[in-house]
Amino acid sequence: MLRRLLLVLSLVLPLAARAASAGSASVDERVRDLLAHMTIEEKAGQLAQFSSWGELTGPAANTPLGPRIEKGEIGSLLNVTGAAASRKWQELAVTSSRFHIPLLLGYDVIHGFRTVFPIPLASAASWDLDRIEHAEHIAAAEAASTGLNWTFAPMVDIARDPRWGRVAEGAGEDPFLGSAVARARVRGFQGSDLAAPDTILACVKHFAGYGAVQAGRDYFTTDITERVLRDVYLPPFHAAIEAGAGSIMAAFNDLDGTPASANALLLDRILRREWGFKGFVVSDWGTVRELMIHGYATDLKDAATKAFRAGLDMDMQADALGKYVPELVRAGVIPESRLDAAAGAILAAKFRLGLFDDPYRYSDEAREKATLLTPAHLDAARDLARRSCVLLKNNGVLPLAATVKSIALVGPLADNPRMQLGAWHAQGRAEEAVTLRAALEKQFPGAVHFAAGCDVRGDDTSGFAAARAAAQASDLVIAALGEADDQSGESSSRTSLDFTGPQLALLRELHAAGKPIVLLVMAGRPLSLEQAGELADAILVPWHPGTMAGPAIVDVLTGAYNPSGHLPISWPHSVGQVPIFYAHKNSGRPEPQNKNDRFYSHYLDAANTPQYSFGYGLSYTTFAFDDLRLDTNVLKTAGTPLKITVRVANTGQRDGEEVVQLYVRDLVGSVTRPVRELKGFQKIPLAAGESRDVTFSLTPADLAFWRADMTFGAEPGDFEVFVGDNSDAELAAKFKLE
Ligand code: GLC
């Protein structure tokens, strides 16, 4: 009799759970109800994530996914692409698990899904938050149409060392710009309704301090103070969480000796207690297992214990949490409340995504076909790509004059549809990308002489002769040099910032032909222009512009679009200066005006300043800044915001856009303060001859930092503001905070 009753209950309860979970119940109520009926093993199954065999982004843990999903031992997969495939995995999970729990299906949608947008470092150079948000919404719609419901983005790691290949994936060196871009990307991915079929869960990464890897070497250790962590590396994460990011990814690196995946300061104290984060934390690939390799855990069970205790909720690919948490809970080593918190946060995401109401909402083959690579998506990719181009030098050769009747197009990036997509190009396909060669030949039929000239690797110069001949036969040379898609991004650190292979030699060869040269730098990081720059009459940085690289670059070259990009990262003269960034400390011996005294902070063989500064970018028109005025020179701690107004004029002959930047210096603090910090920016259109006032407001909260006593706040004292179009802006004014 008892057995029969238990059997009936085991059938009825799940239905009851589902019934209770539908209707008007809140997500929290539905989660609580479900957890109350789940076993410890079923809860622990939610903590495990594995990669499908479609793509791997790290060492694989061999495990049979199907049987383990049927046993409820897997809560999420990554790298499943395609509506049909996602439906297959969802059906398996939903039909075989007692409570029909769907899977989170994650993927690296870093700068587009099938329509590839410029790499994140490039789109950050647009300083155009609306278009960045729009691009991520398109990426989310495309990814969601194929069954994905989660992206491992935005990557918000502050990077001040371009030797680190992952500088390509973020928004550069600055916490203020990085925070603004992080918010825009989260809004784009998640929209206002996670259950909508064109939004996906964001996952802000890599928490935290990953961009500070020593020597720019990927996966290496970091050595930063908690103050630098909080002042520089954490703000974009906090911004993303405040924008509602539903998940966060713990980084590979250790911080002050504790690996991020087991770091309670990060995952508990800061993320949950200080920031009130309610989402869940997923490890990066295999990092729980790597706790042993760090020398931080004796075995996988110890690693699982330390990571789970610290606040890690989901284990990507290490097969550790799902395996050991049940016995740790049963042994009383870890309270079941911790398991409920972790599994509950993951289940809450699934409820918010609407997966319990309709697990197949994201697996619609018809919508997939109708959504991917639409003309509107391609237009948006082209528009953002041209707005991401940064013009570093122009002696008047751009925009191309009508007198240019023949063009030599040379270089390994000129006609390589895969390289232009950049790192992490998801499901972008080379055959769907439009190269610069294709676009230029369409724009100038019969007038383009193409010669690749060389590759980005090796020492083969056999192509030089054809390139030289093309230059000699043309009025002007366009040299598309840079990096392949796999020379930046993950696991792509370099000890040099030079052009790789024989590219610089090719440029010299072209220069010998005596024709004007437009140098295009198509790369995932700043490259040294110390030598190349002198050989070029113009330097334009399209970075890796994505699917629509060709049309976007041609729009800029012809002047159809007046370039408006500004550097999101300092551009070093050479790798020897690295790390180099504008918001540096003054030191006790800064560079003096008169340099006859040699005892000051400098190099014997290089400048202290970058070749091109953070925030720098030229236009085909010119802009002027004047009439800087403050509505008061005393900002009260409890008073109204300080209003800062500047007059900006387009003093040239072309309509254009300017990025008006506001920097602040805190002259004296309880700790030393940077010589400048970006505290505001506005990208504004200005017609030729037009001028307008641009106004910023500053509050004491904008001046807050982590003080000597490790409290966060502003300090009364003297400040300076600087306004202009790069971090060297000279138009200045002073105010006091009282
Ligand atoms: C990789 C990357 C991370 C990515 C993850 C899944 O190793 O570090 O950024 O999201 O694995 O592909």
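Me: How do the residues of the lining of the second largest pocket divide into nonpolar, polar and charged?

Reply: A pocket is an open set of points on a 1 Å grid over the protein atoms alone, where a 1.4 Å probe fits, with protein on both sides within 12 Å along at least five of seven lines; lining residues have an atom within 4 Å of a point. Here the lining comprises 12 nonpolar, six polar and 10 charged residues (Ala, Val, Leu, Ile, Met, Phe, Trp, Tyr, Cys and Pro count as nonpolar, Asp, Glu, Lys and Arg as charged, and the others, Gly among them, as polar). The model is predicted: local features need pLDDT of at least 70, side-chain atom pairs count only at pLDDT 80 or more, and totals for chains, interfaces and linings use all residues. Residues are numbered from 1 along each chain as its sequence is written, and side-chain values use heavy atoms, leaving out hydrogens and water.

Me: What is the volume of the second largest pocket, and which element gives the largest share of its lining?

Reply: The volume is about 580 Å³ (the space filled by probe spheres set on the points, which are joined across faces, edges and corners). Of the 28 lining residues, Phe277, Lys278, Gly279, Ala341 and Ala345 are closest to the centre. Helix 15 supplies the largest share, 10 residues; helix 2, helix 11 and helix 13 are also among the elements giving two or more. Helices (H or I, at least four residues) and strands (E, at least two) are DSSP runs, numbered from the N terminus.

Me: At what angle do helix 7 and helix 17 pack?

Reply: Axes are lines fitted to C-alpha atoms, for helices over the stretch in contact, and angles run from 0 to 180 degrees between N-to-C directions. For helix 7 (129–145) and helix 17 (375–388) the angle is about 145°, with the axes 10 Å apart. Arg131, His134, Ala135, Ile138 and Glu142 of helix 7 meet His377, Ala380, Asp383, Leu384 and Arg387 of helix 17 (contact: heavy atoms within 4.5 Å). Four of these residues are nonpolar, two polar and four charged.
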